[in-house]
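Work through the exercises below with the sequence and the model side by side. Try each task before reading its solution.

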Amino acid sequence: MSDSFEALARMRTVLRDGLALLDGAEHDDPQVAASLARIAAAIQGEDDPVALRARVPEADQERFDDELEELIRLNAILTAAASSDRDQMVVRLKAVRESRRDLSYYGGAGNEGARCDVSG
């Protein structure tokens with residue numbers, strides 16, 4: 001297997017690991033963001049696909065293109081999953097902010113130092 005195909009295989013493995021991570025992780029798992037950053041760094045550490053393709057013999061370029069297309073599909077799936085998780089997190093953060101705002105309103109509504117009789 002040429003270096004170009006090995007590079008595609010490494011990237012494919014990283015993307016599949018990322019999908020498995022998102023599939024098995026809780027939405028509030030703090031390790032997810034760090035892991036996604038490591039995945040992005042691993043992919044960026046590889047050569048550009050155009051440069052990889054240039055090193056592939058002409059007879060193997062169609063197979064390379066097929067494997068690159070699969071890699072692009074995996075990347076799109078991972079990107080969509082990460083985006084969905086991010087959107088869900090944004091919704092949760094908004095709910096937390098609204099709850100905090102409501103609590104601070106009700107917490108400040110009482111007179112400081114005054115007694116409150118709730119007996120009856």
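This is a predicted model: local features need pLDDT of at least 70, side-chain atom pairs count only at pLDDT 80 or more; totals for chains, interfaces and linings use all residues.

**Exercise 1. Describe helix H2 and find which of its residues are buried.**

Step 1. H2 covers residues 31–44, which is 14 residues. From first C-alpha to last, H2 reaches 20 Å, close to the expected 20 Å at 1.5 Å a residue. The expected span is 1.5 Å times one less than the number of residues in the helix.

Step 2. Val32, Ser35 and Ile39 are the buried residues of H2. Seen down the axis of H2, these buried residues fall within an arc of 65°, so they line one face of the helix. The arc is that of the directions from the helix axis to the C-beta atoms.

Step 3. Ala33, Arg38 and Gln44 are exposed on the other side of H2.

**Exercise 2. Repeat the analysis for helix H1.**

Step 1. H1 has 22 residues and reaches 31 Å from its first C-alpha to its last, close to the 32 Å expected at 1.5 Å a residue.

Step 2. The buried residues in H1 are Ser4, Phe5, Ala7, Leu8, Met11, Arg12, Leu15, Gly18 and Leu22. They cover an arc of only 155° around the axis, which puts them on the same side of H1.

Step 3. Asp3, Ala20 and Gly24 are exposed on the face of H1 turned away from its buried side.

**Exercise 3. Which residues touch the most other members of the largest nonpolar core?**

Step 1. A nonpolar core is a set of buried Ala, Val, Leu, Ile, Met, Phe, Trp, Tyr and Cys residues joined through side-chain atoms within 4.5 Å.

Step 2. The largest such core has 15 residues, and those touching the most other members are Leu8, Met11, Leu15, Leu52, Phe64 and Leu71. H1, H2 and H4 are the elements that give two or more residues to this core. H1 gives the most, with 6 residues.

Step 3. Leaving out residues up to four places away in sequence, Leu8 touches Leu52, Phe64, Glu67, Leu68 and Leu71. Contact means heavy atoms within 4.5 Å.

Step 4. In soluble globular proteins, nonpolar side chains tend to be buried together.

**Exercise 4. How many salt bridges does the structure hold? Examine three of them.**

Step 1. The structure holds 7 salt bridges. A salt bridge is a side-chain nitrogen of Lys or Arg within 4 Å of a carboxyl oxygen of Asp or Glu.

Step 2. Arg16 and Glu70 form a salt bridge through their side chains, at 2.6 Å from N to O. Arg16 lies in helix H1 (residues 3–24) and Glu70 in helix H4 (residues 61–109), so the pair ties together parts that are 54 residues apart in sequence. Arg16 is partly exposed at 43%, and Glu70 is partly exposed at 26%.

Step 3. Asp47 and Arg55 form a salt bridge at 2.8 Å, N to O. Asp47 is partly exposed at 38% relative accessibility, and Arg55 is partly exposed at 45%.

Step 4. Arg73 and Glu69 form a salt bridge at 3.1 Å, N to O. Arg73 and Glu69 are 4 residues apart in helix H4, so about one helical turn separates them.

Definitions and conventions: Residues are numbered from 1 along each chain as its sequence is written. Side-chain values use heavy atoms; hydrogens and water are left out. Buried means under 20% relative accessible area, exposed over 50%, partly exposed in between (1.4 Å probe, protein chains only).
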